[in-house]
Amino acid sequence: MNIHDSEKIAGMLKSLNYEETETKEEADIIVFNTCCIRESAEQKIMAKIGDIKALKKIKKDLIVVVCGCMTQQKNMKENLKKKFPFINIIIGTHNIEELRNYILSLSAKKKTILDVWDKEKEIREDIKPYRTSKFNAWVNIMYGCNNFCTYCIVPYVRGRERSRQVCDIVEEVKTLVESGNYKTITLLGQNVNSYGLDFHDGKTNFVYLLNELCKIKGDFKIKFMTSHPKDFSPELIDFIASNDKMSKSIHLPVQSGSNEILKRMNRRYTVEKYKSLVDQIYKKIPGATLTTDMIVGFPGESDDDFKKTCDLIEYCKYIGVFGFVYSKRKGTPAEKFENQVPINVKRERITKLFEIQHRISNEILQSMINKKVEVLIEDESELYFIAKTDSGKTVRINKDKDHKLGDICSVVIKKILSKQLVGEIV
Ligand code: SAM
Ligand code: SF4
């Protein structure tokens, strides 16, 4: 989501005739689009802002902007200004799309701008992103989150769920597909499964939107992220299963394999419910692959709770797991929970989790040998094409004259070389 926000920021800068530079020393404006989901992200961005101090001393006209979810936290804009007085503009998530106007008014008045809105406003449809990815285009379908998982800061910094109109999304995707540049459209939202429910019209929901998007003519696949398991409906499974335009690679964050922990995370499903969802996906969607997000070291997580997480990973046979060490976030309920897990225990658990997943991922890769898969050719060297499977695995293929970058083709996987699949076009 942040990557796509950055594409919108780049779009606004382009409209003001700014061009990308190779180095920060060449830049006339530097925008930090921040993230505060974990403490480590915040520390990194603080260090990067600090790095600009010396440059700003030499280059007095350099414009420094800090925006994104970090600035949206309580007292953050004041703290940032105190720590880094050289920042010119500090704005939040709700007024990021006003950046163009702030830059224009800064140039006119030369006065520092500190403006973080505490409430979300109407969705703006007039910002044209400057797209940086080659064959994939990110498309926001909604903003904000209503779920309030007890560890997560997103609902506090991104506001309540707001869906874009179906017609605006269809128009955007149609333009992207018709440009011929994009083969994958990835729909974005914190919980895409609740898309459209804020319209309260009894008609618009996520499957309705997908159905409209799949009517668009062209050779492209639709992906989406992120899904909340509590809202992943049987209709959605059937729709993915029956529609060729739908990617069969599904990201289904579970966060923990222990019911006790899930309850305290306020995830509103049980391990049994999640497993039955996974069973249905594998049963009804041929070729489905799953990835997930997992948090280790949530307050009160015992050895037994962690073992249940490991068991769930074995059960679900994910093709990939994004594992995170729990990070205390100010203002969230879990910040105040008792029995915070010591950092050394968190580290041991994340290492163990990655070991298990590494073995499972290798087993899945091995099982692909001699199988036929569809890939998108995304890159090339002198001798090879570098392609990606639907689930994002890289496949190296010998080049031939009949294919080019951007083609979707079928390959048979022949072997694994240095952890990379090697295939032959069929
Ligand atoms: N909305 C998505 C969902 O419900 O799964 C994910 C949003 S969040 C940006 C991405 C991931 O960051 C989450 O799935 C979770 O695993 C992780 N995360 C969020 N808050 C965290 C925290 N305080 N500490 C560690 N990981 C966290
Ligand atoms: Fe955070 Fe939960 Fe919302 Fe995802 S669903 S953004 S984890 S509060």
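Where in the chain does N17 lie? In this predicted model, N17 is found in the loop between helix 1 (2-15) and strand 1 (29-34), and its backbone has a positive phi of about 70° although the residue is not a glycine. Such a value deserves a remark because most residues other than glycine have a negative phi, and most peptide bonds are trans. T226 belongs to the loop between strand 9 (221-225) and helix 9 (234-242).

Three strands form an open sheet in the order 5-8-9, with parallel pairing, and its edges are strand 5 and strand 9, each of which pairs on one side only. Averaged over this sheet and with direction ignored, neighbouring strands are turned by 25° against each other. Strand 5 and strand 8 (residues 184-188) run parallel and are joined by five bridges; within this pairing, A137 stands opposite I185 in strand 8. In general terms, the strands of a sheet pair through backbone hydrogen bonds, either parallel or antiparallel.

The other sheet is a closed barrel of five strands, which runs 13-14-15-17-16 and has mixed pairing. Its neighbouring strands are turned by 55° against each other on average, again with direction ignored. Strand 14 (residues 384-389) and strand 15 (residues 394-398) run antiparallel and share five bridges, with K388 standing opposite T394 in strand 15. These two strands form a hairpin with four residues between them, and G392 in the turn has a positive phi of about 90°. Strand 15 is also joined to strand 17 by three bridges, but here the strands run parallel, and the bridge partner of V395 in strand 17 is L421. Strand 17 (residues 420-425) in turn runs antiparallel to strand 16 (residues 408-417), to which six bridges join it, and V422 in strand 17 is the bridge partner of K415.

Side chains of opposite charge can pair when their charged atoms come close. The structure holds 27 salt bridges, and one of them is formed by the side chains of K134 and D379, with a distance of 3.9 Å from N to O. K134 lies in the loop between strand 4 (113-115) and strand 5 (136-140), whereas D379 lies in strand 13 (residues 372-380), so the pair ties together parts that are 245 residues apart in sequence.

Several polar atoms of the protein can be assigned to particular kinds of atom in the ligand. A polar backbone atom of Y151 is 3.0 Å from a nitrogen atom of ligand 1, and a backbone N or O atom of S327 lies 2.8 Å from a nitrogen atom of ligand 1. In the case of D293, a polar side-chain atom lies 2.6 Å from an oxygen atom of ligand 1. On its own, ligand 1 has 570 Å² of accessible area, and the protein covers 89% of this.

Which residues are found around ligand 2? They are C145, N147, F148, C149, Y151, C152, V154, P155, Q190, H228 and R267. This shell has seven nonpolar, three polar and one charged residues by class.

Note on methods: Residues are numbered from 1 along each chain as its sequence is written. Chains are lettered from A and ligands numbered from 1 in the order in which they are written. This is a predicted model: local features need pLDDT of at least 70, side-chain atom pairs count only at pLDDT 80 or more; totals for chains, interfaces and linings use all residues. Side-chain values use heavy atoms; hydrogens and water are left out. A polar contact is a pair of N or O atoms within 3.5 Å; within protein, one must be able to donate a hydrogen and the other to accept it, and residues adjacent in sequence count only if both atoms are side-chain atoms. Accessible areas come from the Shrake-Rupley method with a 1.4 Å probe; for residues, only the protein chains shown count as cover. Two strands pair if DSSP finds at least two bridges between them. Axes are lines fitted to C-alpha atoms, for helices over the stretch in contact, and angles run from 0 to 180 degrees between N-to-C directions. A salt bridge is a side-chain nitrogen of Lys or Arg within 4 Å of a carboxyl oxygen of Asp or Glu. A residue is near a molecule or strand if one of its heavy atoms lies within 4 Å of it. Ala, Val, Leu, Ile, Met, Phe, Trp, Tyr, Cys and Pro count as nonpolar, Asp, Glu, Lys and Arg as charged, and the others, Gly among them, as polar.
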